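User: Could you walk me through a few local features of this model?

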Amino acid sequence: MMWWRPDPFVLGGSGRAHLKVQGLAAGYGPFLVLRELQLEARPGLTVILGPNGAGKSTLLKALAGLIPRRGWVTLDGDELSEKTHEIVRAGIALVAEGRQLFPQMTVTENLELGGWLLSRPERVRRLEQAFADFPKLRERAQQLAGTMSGGEQQMVAVARAMMSAPRLLMLDEPSLGLAPKMVDELLAIARRIADAGITVLMVEQNVKKALAVADRGYVLERGALVASGPARLLARSAVVREAYLGAAAADTTSAAAAVSRQAARAAIA
């Protein structure tokens, strides 16, 4: 997998992106969903886990400039703007939940919109690269996006984001509503993108499969961070296993179990 970064136009600069969030607060109107959040998206694939309503999508929207935020957010040490167009120019792309394609436009037209800021020759080169990396989309190049399956639409959404050659790609629930085989394929694509040198920050509902492809993970509950660490350790932690993988403790109501869960959180934080 190769994504073009020609001179003189290089969106977002070069090199692997390192996003750092400190004291982040964000929400909707007077209602705060996230409070004093601290996390990092380092080169590789970082996954954000948590139940519905934990604030996962709110986090990505705040980082993309779609809702107001407070706190300190830096990209490679430089403060990140709160304006969406400047965030895109800094090299960040978001694939929103629900894909947000233009259903009455073809696959090719949707992809070209992802390279809107590029020169025509560069847009053509990146379109060809997108078709090389997503062969199924080449076969459907002239098909209306709205007539495709959910998995195929998600591929279009990811490929469209990659048209801007981001340094940091944010994925919001890429497997939502998809068949298991397509879930595996899309998560494998996310892994390949990370291996190609693009930092990936992914919100995902499929905890087991997400941790299998991720390098590092965070667990959010009610807008607060409750656990973090290498993905392989999170997958074995009591916090994640009891809450998301169905491995309940023998006595979850006892004081001893409560102490054990707190200790697990501290150990992997």
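User: Where does Asp76 lie, and what is its phi?
Analyst: Keep in mind that this is a predicted model. Asp76 sits in the loop between strand E4 (69–75) and strand E5 (78–79). Most residues other than glycine have a negative phi. Asp76 isn't a glycine, yet its phi is positive, at about 55°.

User: Is Ala165 buried or exposed?
Analyst: Ala165 is found in the loop between helix H6 (150–162) and strand E7 (168–172). Its phi is positive too, near 50°. Buried means under 20% relative accessible area. Ala165 has 3%, so it's buried.

User: Which residues does Thr74 touch, leaving out those up to four places away in sequence?
Analyst: Thr74 is part of strand E4 and counts as buried at 7% relative accessibility. With those sequence neighbours set aside, its contacts are His18, Leu19, Lys20, Glu79 and Leu80.

User: Are H6 and H7 roughly parallel or roughly antiparallel?
Analyst: The axes of H6 and H7 (residues 180–195) are 10 Å apart, with an angle of about 10°. Angles under 35 degrees count as roughly parallel. So H6 and H7 are roughly parallel.

User: How many residues in the contact of H6 with H7 are nonpolar?
Analyst: On the H6 side you've got Gly151, Gln154, Met155, Val158 and Met162, and they meet Met182, Glu185, Leu186, Ile189 and Ile193 in H7. Of the residues in this contact, one is charged, two are polar and the nonpolar ones number seven.

Methods
Residues numbered from 1 in each chain as written. Predicted model: local features only at pLDDT ≥ 70, side-chain atom pairs only at ≥ 80, totals over all residues. Heavy atoms only, no water. Helix = DSSP H or I, 4+ residues; strand = E, 2+ residues; numbered from the N terminus. Buried < 20%, exposed > 50% of the residue type's maximum accessible area, 1.4 Å probe, protein only. Contact = heavy atoms within 4.5 Å. Axes fitted to C-alpha atoms, helices over the stretch in contact; angles between N-to-C directions. Parallel < 35°, antiparallel > 145°, perpendicular 65-115°, else oblique. Nonpolar A, V, L, I, M, F, W, Y, C, P; charged D, E, K, R; others polar.
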